[in-house]
Amino acid sequence: MFLNVLANENMKLFKRRLFWAEIIFLGLIVLGILLALFITVETNRNGSGLLSDERQMMLETLSWPQAWSNVIRFVGWDGFGPIFLMILVGAVTAQEYTWRTQQLSLSRGISRRMLLMAKLAALFIAGLLFILTILVVGGGATAIFSLLLNGSLQLPYLDLSHLLFSILRAAYTMLPYGCLVFFLAVASRSAVVATGGGLVISLMLENMIISGAGLLGDKASQIVQYLPGGLSNSLLALNNASLGTGSSSDMSLVSPLHASIGLAAWIVLFIGLSLWFFQRQDLVE
Amino acid sequence: MQKEIVLQINELKKHFGQVRAVDGISIEVTRNQILGFLGPNGSGKTTTIGMILGLIHPTGGTVTLFGRPISPTSPEPLRKVGALVGSPSLVPYLSAKENLGLAARLYPETSQRRISEVLDLIGLQKSSNQKAGTFSTGMKQRLGLGMALLHQPELLILDEPTNGMDPSGMHEIRNMLANLADKGVTIFLSSHLLHEIEQICTHVAVINKGRLVAQGRVREFVGQKAQVKIRVDSTELASQLLHELPGSIHIRTNGDYVTVSGVSSRAVVSHLMSHGVIPSEVTNGDLDLETVFLELIS
C-alpha cells in the first residue's frame with residue numbers, strides 16, 4: 001500500500017506547475033552563472049580586464065574535472081538546490097492543509113505515519129530531480145566550455161568515485177533543510193511560515209548564531225559547528241579536498257563521520273517532530 | 001435476528017478548550033439503515049463526522065466501525081467506508097478522472113471500468129478531463145461523492161452532500177442514495193435539508209450544542225406528536241392564550257393560522273373558547289420533521 005500512496009503523492013507533485021517551473025528556473029540559473037563566467041573568461045582572453053590569476057581561477061572553474069566541484073556546490077547546503085527544495089516542500093506540504101487533500105487517504109484507512117512518509121519520499125524524489133537538473137545542466141555546460149577552452153575534457157583526471165561521493169555528500173546536506181521546512185509546514189500549516197522560516201534559518205539565523213558564538217569563545221564556536229550548516233560545511237570540506245580545490249584540515253570543522261551522524265540526527269529530529277505534530281492534529285476545520 | 005451494528009458511537013466528546021463541541025453523544029447505526037444526522041450550524045455534526053473518520057482526536061468516548069474501534073492512530077476499519085466531509089478534498093490542478101484515479105489507487109482492486117461507471121453515475125463523464133479547480137460547487141460535490149462511492153463502500157458517510165447543487169442535482173443525488181440503500185449500503189447522512197432527510201432516511205438523530213437531543217425512526221419521530229392548526233381572527237391573542245397551557249408546547253403563526261404541537265386539539269379549542277376566541281377552522285395532523293426539529297432545538 002505504501003507504494004500506492006507514494007504513487008499518489010508523486011502524481012500530485014509531478015503534475016504541479018510549481019515543480020516544473022522550479023526545475024526550469026534552477027537549470028536556467030545554473031546555466032546563466034556558468035555562461036557568465038565563460039563570457040568573462042572569453043572576453044578577457046588577452047588579460048585586458050582581469051588579472052591573470054583571476055582568469056586562471058575562472059578557467060579552472062569552467063574546466064573539467066575541477067568544474068565539477070563548482071557544479072556540485074550548487075547542490076550543497078549553501079547552493080541553490082536547497083533553496084528551491086525548501087520553496088517546493090513548504091508550498092506543497094502546507095497547501096495540502098488548505099485543500100484538505102490528506103483526507104483523501106486518511107478517511108480511507110491509510111495511517112498518518114504512512115501518508116507522511118510517502119509525502120517525504122515524494123519530496124526526496126523531487127529533491128533528487130533538482131540535483132539531477134543541476135548536474136545535467138552544470139555538467140553539460142562545463143563539458144562544452146571545457147572543450148571550447150581547453151580542447152579536451154581531461155577525462156583521465158576525473159576521479160569518478162570521488163565525484164560520486166561528492167554528489168552524495170552534497171545531496172545529503174540538502175536533507176536537513178528539506179526536513180526542517182517539512183516540519184515547519186506540518187506544524188504551522190502555512191507555506192509562508194514554512195518556506196520563510198526555512199530560508200531565514202538557513203540563510204541568516206544560522207550564520208548569525210555562528211558569528212555570535214565566535215564572539216563568545218572557542219567552546220561556543222565548537223558547539224555551533226553542530227548546527228546543520230556547520231555539519232554540512234564539515235562534510236563538504238571533503239569534496240573540496242577530494243576534488244583538489246581546497247583543504248579538509250580546518251581545525252574548526254567537525255570530523256566527517258561526526259558530521260554525517262550529526263546531520264542524520266537533525267534529519268531524524270525534524271521527521272520525528274513532523275510525525276509527532278501530524279499524529280496529533282485535528283484535520284477538519 | 002439482531003442486525004449487525006455498522007457504526008457505534010459511545011459517549012463521544014470533543015472539547016476545544018472551554019468549548020464543548022461534542023459532549024458525550026451515543027449513536028448506533030445498524031446495517032441498511034439510512035441515518036439522518038441533524039443539527040443547526042455549529043451543533044457539532046462535522047466534528048462528530050471528523051471523529052468517526054479518524055480526522056479528529058476525540059477528547060473522550062469511542063467510535064466502533066464494523067465492530068472494530070477507530071481512532072486517528074488505528075484507521076484500518078475505514079477501508080470499508082466512503083466519505084464526503086464538507087467541501088470535497090479535491091486536487092484542483094488534476095482532472096476529474098485523475099482525482100478519481102487517486103482514490104482508485106488506494107483500492108488496487110478498482111478497475112478503470114469502475115472509474116468510468118462512477119463518472120457516468122455522477123454525470124461528469126463529459127467533464128472527466130476538465131480540471132477539478134474549474135468545476136462549479138455542485139460539480140465538485142458530485143466528484144467528491146464519486147470518490148466516496150468508487151470502492152463500493154459498505155458504509156457511506158456524507159456531510160451535506162447536496163451542498164451547492166441545483167434542485168435537479170439534489171433530486172438526482174436523492175435518487176442515487178435511495179438506490180444505494182436498496183443495494184444494502186448503510187448511509188450516515190448529515191444535512192440541513194430536513195425535507196431531504198424526511199424523504200430518504202429511515203432513522204434520524206438530532207444534535208444540538210454538542211449533545212444528542214433525540215434519535216429514532218423517522219416515522220416514529222414525525223408521527224409521535226400531533227399538531228393542531230387553527231384559523232383565528234387574532235393570531236397574536238391566540239398565541240398569548242395558548243402559551244398559558246401547561247406542558248411543553250410549540251406554537252407557530254403564519255398569516256391567519258396558528259400551529260400548535262404538544263397538546264391535544266380539544267385542549268386548544270376549549271382554552272381559546274373559554275377566553276372568547278372562536279377558531280373558524282381546526283385541522284389535526286402529524287408533525288413534519290421540520291416542526292419536530294425546531295421544537296427539539298428550541
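These are my notebook entries on a predicted model, written in the order I looked things up.

**Entry 1: the fold of chain A**

I began with the secondary structure of chain A. I found 12 helices and zero strands. Read along the sequence, the pattern is α-α-α-α-α-α-α-α-α-α-α-α. Next I looked up the radius of gyration, which is 21 Å for chain A. The globule rule gives 19 Å for 285 residues, and the two values are close, so chain A is as compact as a globular protein of that length. I also noted the box that the C-alpha atoms of chain A fill. Along the principal axes, that box is roughly 70 × 45 × 35 Å.

**Entry 2: inside and surface of chain A**

How much of chain A is buried? Of its 285 residues, 50% count as buried. I then turned to contacts in chain A with a separation of 6 or more. Residues 24 or more positions apart account for 81% of them. The accessible surface of chain A comes to about 12,900 Å². Carbon and sulfur atoms hold 69% of that surface.

Chain A carries 16 positive and 14 negative side chains. The centres of these two sets lie 15 Å apart.

**Entry 3: aromatic rings**

I looked up the aromatic pairs over all chains, and the structure holds 13. I picked one of them, A:Trp276 with A:Phe277. A pair of rings is described by the distance of the centres and the angle of the planes, so I wrote down both values.

I checked how open the two residues are. A:Trp276 has 46% relative accessibility and counts as partly exposed. A:Phe277 is partly exposed as well, at 29%. Both values fall between the 20% and 50% cut-offs, which is why neither residue is called buried or exposed. Ring pairs also link A:Trp276 and A:Phe277 into a cluster with A:Phe183, A:Trp266 and A:Phe270.

**Entry 4: A:Leu37**

I then went to A:Leu37, in helix H2 of chain A, which covers residues 17-43. Which residues does A:Leu37 touch, leaving out those up to four places away in sequence? They are A:Met58, A:Thr61 and A:Leu62. I looked at A:Met58 in particular. A:Leu37 and A:Met58 are 21 residues apart along the chain. Their C-alpha atoms are separated by 6.7 Å.

**Entry 5: backbone details**

A:Pro65 sits in the loop between helix H3 (52-62) and helix H4 (66-75).

B:Asn32 is not a glycine, yet its phi is positive, near 75°. Where is B:Asn32? It lies in the loop between strand E2 (19-30) and strand E3 (34-38) of chain B. Its relative accessible area is 37%, so B:Asn32 is partly exposed.

B:Lys209 has a positive phi too, of about 50°, and is not a glycine. I found B:Lys209 in the loop between strand E9 (203-208) and strand E10 (211-217) of chain B. Is B:Lys209 buried or exposed? It is exposed, because its relative accessible area of 68% is over the 50% cut-off.

Methods
Residues are numbered from 1 along each chain as its sequence is written. Chains are lettered from A and ligands numbered from 1 in the order in which they are written. This is a predicted model: local features need pLDDT of at least 70, side-chain atom pairs count only at pLDDT 80 or more; totals for chains, interfaces and linings use all residues. Side-chain values use heavy atoms; hydrogens and water are left out. Helices (H or I, at least four residues) and strands (E, at least two) are DSSP runs, numbered from the N terminus. The radius of gyration is taken over C-alpha atoms; the globule rule is 2.2 Å times the number of residues to the power 0.38. Buried means under 20% relative accessible area, exposed over 50%, partly exposed in between (1.4 Å probe, protein chains only). Contact means heavy atoms within 4.5 Å. Accessible areas come from the Shrake-Rupley method with a 1.4 Å probe; for residues, only the protein chains shown count as cover. Lys and Arg count as positive and Asp and Glu as negative; His and the chain ends are not counted. The place of a charge is taken as NZ of Lys, CZ of Arg, CG of Asp or CD of Glu. Rings of Phe, Tyr and Trp (its six-membered ring) pair if their centres lie within 6.5 Å; planes under 30 degrees apart count as stacked, over 60 as edge-to-face and the rest as tilted.
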